[in-house]
Amino acid sequence: MMRNRFFWLLITIMMCGAVMTGLTSCSDSDDSSDHQKKVAVLLPDASSLARWAIDKSNLETVMAMYDFKTSFYLAPETPDGAVQQVDQLKKAINDGVKYIVLTAVDYKKINESGLLEQHPDVKVVCHDHRQEPEGHGV
């Protein structure tokens with residue numbers, strides 16, 4: 001059990017590192033404009049996996065360390081949640097966010113929306129959506 005917790009902690013730390021590596025380009029020290037540091041994070045909520053709450057907490061900590069202005073959007077892992085996440089993505093883009101960290105509830109719904117194709121200036125860091133094995137908690 002302890003070994004499994006260590007594994008998920010390690011995966012979460014690696015994810016945060018990958019996200020920050022992908023976003024370091026938007027922390028350009030010569031550009032002080034606010035939109036350069038706005039990041040939207042779209043995640044499933046923790047109703048089905050406790051892991052999402054841990055990922056959210058870790059991302060909040062790391063984003064704060066780098067002074068990113070971060071908006072978090074959570075949606076349940078349901079068909080309605082997938083539709084809700086598309087609406088959240090639309091809101092983030094309409095609010096002027098140019099950098100998005102995305103763990104999609106349903107990537108097909110995101111792709112069908114066409115939002116990312118319509119806004120090629122928006123940079124997306126995708127986090128792979130993996131389920132925990134049955135009976136293994138974080």
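One aromatic pair is counted in this predicted model, where rings of Phe, Tyr and Trp (its six-membered ring) pair if their centres lie within 6.5 Å. The pair is formed by Y66 and F68 and is tilted, at 6.4 Å centre to centre and 35 degrees between the planes. Planes under 30 degrees apart would count as stacked, over 60 as edge-to-face, and the rest as tilted. A pair of aromatic rings is described by the distance of the centres and the angle of the planes.

The model is predicted, so local features need pLDDT of at least 70 and side-chain atom pairs count only at pLDDT 80 or more, while totals for chains, interfaces and linings use all residues. Residues are numbered from 1 along each chain as its sequence is written, and side-chain values use heavy atoms, with hydrogens and water left out.

**Exposure of selected residues**

Buried means under 20% relative accessible area, exposed over 50%, and partly exposed in between (1.4 Å probe, protein chains only).

| Residue | Relative accessible area | Class |
|---|---|---|
| Y66 | 38% | partly exposed |
| D67 | 55% | exposed |
| F68 | 7% | buried |
| Q88 | 10% | buried |
| K91 | 44% | partly exposed |

D67 lies in the loop between α2 (51-65) and β2. Helices (H or I, at least four residues) and strands (E, at least two) are DSSP runs, numbered from the N terminus. D67 is not a glycine, yet its phi is positive, about 60 degrees. Most residues other than glycine have a negative phi.

Another ring has a charge over it: the charged end of K56 sits 5.0 Å from the centre of the F72 ring. This requires NZ of Lys or CZ of Arg to be within 6 Å of the ring centre and within 35 degrees of the ring normal.

**Helix α3**

The 16 residues of α3 should span 22 Å at 1.5 Å a residue, and the end C-alpha atoms are 23 Å apart, which agrees. The expected span is 1.5 Å times one less than the number of residues. The buried residues of α3 are G81, A82, Q85, V86, Q88, L89, A92 and I93. They lie on the same side of α3 because they cover an arc of only 160 degrees around the axis, taken from the directions from the helix axis to the C-beta atoms. On the other side, D80 and N94 are exposed. An α-helix has 3.6 residues a turn, so residues three or four places apart point the same way.

The cover over the buried residues of α3 includes β1, β2 (69-75), β3, α4 (107-113) and α5 (115-118). Leaving out residues up to four places away in sequence, Q88 touches L42, Y73, L74 and A75, where contact means heavy atoms within 4.5 Å. K91 is also in helix α3; K91 and Y73 are 18 residues apart in sequence and 10.0 Å apart in space, C-alpha to C-alpha. After α3 comes G96, with a positive phi near 90 degrees.

**Nonpolar cores**

A nonpolar core is a set of buried Ala, Val, Leu, Ile, Met, Phe, Trp, Tyr and Cys residues joined through side-chain atoms within 4.5 Å. The largest has 14 residues, of which A40, L42, L89, I93, I100, L102 and I110 touch the most other members. Two or more residues each come from β1 (38-44), α3 (79-94) and β3 (99-102), and α3 gives the most, with four. Apart from this core lies another, of eight residues, including L43, M63, Y99 and V101.
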